[in-house]
Amino acid sequence: MTDSGDLASPDRRAEIAAGLARVHARITDACAAAGRNRAEVTMIAVTKTYPASDVVALAGLGVTDMGENRDQEAAAKATQVAAAGATPRWHFVGRLQRNKVKSVLRYADVVQSVDSVRLASALGTAATSGGRDRPLDVLVQVSIDADPARGGAVPDSADPEVGLAPVAEAVAAAGGLRLAGLMAVAPLGWEPARAFARLAGIAAALRVDHPQATALSAGMSGDLEAAIAHGATHVRVGSALLGMRPTLG
């Protein structure tokens with residue numbers, strides 16, 4: 001999954017630079033089509049299963065934000081990347097178990113996958129007791145189609161544990177956390193435009209009670225244009241940027 005932290009080969013660096021140029025062009029064109037300023041959209045390079053050398057190469061090309069979704073891989077990779085002198089902003093974007101919270105807090109600047117009150121409480125407790133010098137930015141993951149089986153807080157639900165409103169309130173009230181906004185994945189079988197239009201409405205409703213929660217992480221390699229058209233401030237791009245994803249060992 002990760003290598004020893006050695007630098008990528010010249011051919012690999014050129015491949016990454018070409019992928020980055022293509023993705024930047026897509027984001028620029030999508031912003032223009034939506035009448036938005038390109039500076040409003042941050043690209044997160046999702047580097048899960050790719051080696052630490054790819055992260056170092058991305059950082060050298062000016063990419064500031066990286067995403068990972070498995071703590072065991074991410075913790076080792078973050079250490080390797082730091083040893084190579086790169087200091088990206090790490091986003092944890094995968095489902096997070098409460099027993100992994102302390103480990104994730106050692107490297108993550110943002111956790112995008114909080115979807116329960118219990119997880120918010122565990123993160124808040126760990127963040128305040130772990131000596132962090134800054135709040136942890138948190139995005140609440142939303143289940144756009146209200147199916148909790150795939151993860152995500154449920155909009156318009158009165159469930160005190162996984163309803164979107166109580167989860168967002170738990171994050172906002174927790175010491176050591178900052179409610180930054182929402183994250184979501186378009187449900188299987190949904191047209192991306194339909195999914196992200198619904199997400200935009202959910203985000204607007206959240207900002208009534210939490211006006212500081214302006215981040216909206218939505219859109220990946222296959223649907224980033226639709227996400228940008230509906231207000232995404234962050235897009236999470238892996239394969240379109242880095243090529244065929246290596247298989248997990």
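Colleague: Is Asp156 buried or exposed?

Modeller: This is a predicted model, in which local features need pLDDT of at least 70, side-chain atom pairs count only at pLDDT 80 or more, and totals for chains, interfaces and linings use all residues. Residues are numbered from 1 along each chain as its sequence is written, and side-chain values use heavy atoms, with hydrogens and water left out. Buried means under 20% relative accessible area, exposed over 50%, and partly exposed in between (1.4 Å probe, protein chains only). Because its relative accessible area is 79%, Asp156 is exposed.

Colleague: In which loop does Asp156 lie?

Modeller: Helices (H or I, at least four residues) and strands (E, at least two) are DSSP runs, numbered from the N terminus. Phi of Asp156 is positive, near 60 degrees, in a residue other than glycine. Most residues other than glycine have a negative phi. Asp156 lies in the loop between strand 5 and helix 6.

Colleague: What is the relative accessibility of Ala146?

Modeller: Ala146 lies in the loop between strand 5 (136-141) and helix 6 (164-173). Its phi is positive, near 60 degrees, although the residue is not glycine. Ala146 counts as partly exposed because its relative accessibility is 37%.

Colleague: How many helices and strands does the protein chain have, and what is its radius of gyration?

Modeller: The secondary structure of the protein chain comes to nine helices and eight strands. The radius of gyration is taken over C-alpha atoms, and the globule rule is 2.2 Å times the number of residues to the power 0.38. For 249 residues that rule gives 18 Å, and the chain's value is close to it, so the chain is as compact as a globular protein of that length. The counts are nine helices and eight strands, and the radius of gyration is 17 Å.

Colleague: Which residues have the most contacts inside the largest nonpolar core?

Modeller: A nonpolar core is a set of buried Ala, Val, Leu, Ile, Met, Phe, Trp, Tyr and Cys residues joined through side-chain atoms within 4.5 Å. The largest such core has 73 residues. A second, separate core of five residues includes Val110, Leu139, Met183 and Ala215. In the largest core, the residues with the most contacts are Met43, Leu123 and Leu182.

Colleague: Why is helix 2 largely enclosed by the rest of the structure?

Modeller: Among the buried residues of helix 2 are Ala52, Asp54 and Leu58. Contact means heavy atoms within 4.5 Å, and what covers the buried residues includes helix 1 (10-34), strand 1 (42-46) and helix 9 (239-242). After helix 2 comes Gly62, with a positive phi near 95 degrees. Helix 2 (residues 52-60) is largely enclosed because the number of its nine residues that are buried is seven.

Colleague: Which residue lies over the face of Trp190?

Modeller: A charge sits over a ring if NZ of Lys or CZ of Arg is within 6 Å of the ring centre and within 35 degrees of the ring normal. Here the distance from the ring centre of Trp190 is 3.6 Å. The residue over its face is Arg194.

Colleague: What separates the C-alpha atoms of Arg70 and Leu96?

Modeller: Arg70 is found in the loop between strand 2 (65-68) and helix 3 (71-83). At 35% relative accessibility, Arg70 counts as partly exposed. Arg70 and Leu96 are 26 residues apart along the chain, and their C-alpha atoms are separated by 8.2 Å.
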